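Biologist: Please show me the model, and then we can go through it with questions and answers.

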Amino acid sequence: MIELRNVSKWYGAFQVLTDCSTSIKKGEVVVICGPSGSGKSTLIKAINALEPFQSGEIIVDGISLGDPKTNLPKLRARVGMVFQHFELFPHLSVTENLTIAQIKVLGRSVDEAQAQGLRYLDRVGLIAQKDKFPGQLSGGQQQRVAIARALCMDPIVMLFDEPTSALDPEMVGEVLDVMVGLANDGMTMCCVTHEMGFARKVSNRVIFMDHGKIIEDCSKDDFFGDPDARSPRAKDFLSKIL
Ligand code: ADP
Ligand code: MG
């Protein structure tokens, strides 16, 4: 579904990604972790073509992002993205947040978009909030709306960038529950998160990044079950967060 081949990226003279290669198969749930500043957000944004890269190749569903013929907005519409700070439109109601891109980007009718929006709002348990504005919701509720909004676009993969790290602790569980449900339904997911409980429960694979490099890329069982086989940096990181 997603393939990265030797992806490197620089911000000016600073190399933020070095030779990153990995692939994500359909239905796989991959967790990316690593210290702050290690390039996790940059990597995930590159997959969604939100960040350009200077060398290597990224292929999403058979389409190369670097190919000048690729219609990036069209591809981006099929890759769901959920951010740390929700990024809902504050001046639009929950229902409008869920329908605007379906109408403007996918060309769906208002009725069709609303039906789809309410279906996913129900799925994240927030149908009663449909006419509220984001500012009237808790952080956990806003993040669940953001997930529903991404799902409304019928994504082929969902990317999450630390979706629970801006939340008060009591709201983390409700967002993780939605993500676990998605994983169990077979959604292809790539999640930057330090929620190792989530990683243990539903991920297939764990990628550990440090200083812009993919240091570890292994099965969940190897990552958590065989600490002695891990790199010193991954071990050190795990000892701090577990
Ligand atoms: P992570 O998500 O793992 O915390 P990021 O991908 O956000 O890491 O950032 C990786 C590195 O790139 C950091 O050192 C950060 O300061 C730097 N960086 C991120 N965005 C920019 C930018 N727009 N310009 C310059 N440097 C940046
Ligand atoms: Mg980040």
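Modeller: First, some terms: helices (H or I, at least four residues) and strands (E, at least two) are DSSP runs, numbered from the N terminus. This is a predicted model, in which local features need pLDDT of at least 70, side-chain atom pairs count only at pLDDT 80 or more, and totals for chains, interfaces and linings use all residues. Residues are numbered from 1 along each chain as its sequence is written, chains are lettered from A and ligands numbered from 1 in the order in which they are written, and side-chain values use heavy atoms, with hydrogens and water left out.

Biologist: Which element gives the largest share of the shell around ligand 1?

Modeller: A residue is near a molecule if one of its heavy atoms lies within 4 Å of it. The residues around ligand 1 include Val16, Lys40, Ser41 and Thr42. The largest share of this shell is three residues, and they come from α1.

Biologist: How far is an N or O atom in the side chain of Lys40 from an oxygen atom of ligand 1?

Modeller: A polar contact is a pair of N or O atoms within 3.5 Å; within protein, one must be able to donate a hydrogen and the other to accept it, and residues adjacent in sequence count only if both atoms are side-chain atoms. A backbone N or O atom of Gly37 lies 2.7 Å from an oxygen atom of ligand 1, and for a backbone N or O atom of Ser38 the distance is 3.2 Å. For the side chain of Lys40 the distance is 2.8 Å.

Biologist: Is Glu162 buried or exposed?

Modeller: Glu162 has a positive phi of about 45° although it is not a glycine, and it sits in the loop between β7 (157-161) and α6 (169-184). Buried means under 20% relative accessible area, exposed over 50%, and partly exposed in between (1.4 Å probe, protein chains only). Because its relative accessibility is 17%, Glu162 counts as buried.
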